[in-house]
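Here are some exercises with worked solutions. Keep the structure open beside you and try each task before reading on.

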Amino acid sequence: LAAGATVEVGGVQYNKQACYQKTLTINSQEAGAWNNLGNTLAAGATVEVGGVQYNRQACYQKALTINPQDADLWIILGTTLAAGATVEVGGVQYNRQACYQKALTINPQFANAWY
């Protein structure tokens with residue numbers, strides 16, 4: 001869906017964020033839906049999925065818990081971290097640099113991780 005667009009299903013209007021929430025309500029193991037849901041959130045905003053509130057960073061963490069070999073997701077998560085901040089994925093703490101290094105470990109040819 002384009003920004004601001006909605007789709008009607010069964011008489012209910014769904015925007016992009018609501019579509020991702022519905023997807024994750026049906027199958028919480030959809031890493032792409034977690035990533036896309038995180039992309040819809042402004043800094044500091046949260047969204048509810050399955051009775052739990054998630055911010056942008058938490059959505060990316062969930063996506064990486066499901067698919068830890070996605071170099072793009074590691075870069076995206078790294079960009080959400082403030083200088084000196086860390087985040088836990090799979091029981092390991094990562095700072096911004098460690099996220100980028102993880103992306104390069106997965107794919108050394110991933111240009112976005114180099115800059």
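**Exercise 1.** Find which residues of the largest nonpolar core touch the most other members.

*Solution.* Start with the term: a nonpolar core is a set of buried Ala, Val, Leu, Ile, Met, Phe, Trp, Tyr and Cys residues joined through side-chain atoms within 4.5 Å. Buried means under 20% relative accessible area, exposed over 50%, and partly exposed in between (1.4 Å probe, protein chains only). The largest core has 30 residues, and Trp34, Leu37, Tyr54, Trp74, Leu77, Tyr94 and Ala103 touch the most other members. Next, see where the core comes from: α1 (16-26), α2 (31-40), β3 (46-49), α3 (56-66), α4 (71-80), β5 (86-89) and α5 each supply at least two residues. Helices (H or I, at least four residues) and strands (E, at least two) are DSSP runs, numbered from the N terminus.

This is a predicted model: local features need pLDDT of at least 70, side-chain atom pairs count only at pLDDT 80 or more, and totals for chains, interfaces and linings use all residues. Residues are numbered from 1 along each chain as its sequence is written, and side-chain values use heavy atoms, with hydrogens and water left out.

**Exercise 2.** Describe how β3 and β4 are arranged.

*Solution.* First look at the pairing (two strands pair if DSSP finds at least two bridges between them). β3 and β4 pair in the antiparallel sense over 4 bridges, and Val49 has Val52 in β4 as its bridge partner. Then follow the chain: the two strands form a hairpin with 2 residues between them, and Gly50 in the turn has a positive phi of about 60 degrees. Last, compare the faces of β3: Val47 and Val49 lie on the covered one, Thr46 and Glu48 on the uncovered one. In a regular strand the side chains alternate between the two faces of the sheet.

**Exercise 3.** Work out which residues of α3 are buried and what covers them.

*Solution.* The buried residues are Ala58, Cys59, Tyr60, Gln61, Ala63 and Leu64. Their cover includes α2, β4 (52-55), α4 and β5. Now check the N-terminal end of α3: Asn55 caps it, with a side-chain oxygen 3.2 Å from the backbone nitrogen of Gln57.

**Exercise 4.** Is Ile106 buried or partly exposed?

*Solution.* Begin with its place: Ile106 belongs to helix α5 (residues 96-106). Its relative accessible area is 24%, so Ile106 is partly exposed. Then list its contacts (heavy atoms within 4.5 Å). Leaving aside neighbours within four places in sequence, Ile106 is in contact with Pro68, Gln69, Asp70, Ala71 and Trp74.

Note on methods: Polar contact = N/O pair within 3.5 Å; in protein donor to acceptor, adjacent residues only side chain to side chain.
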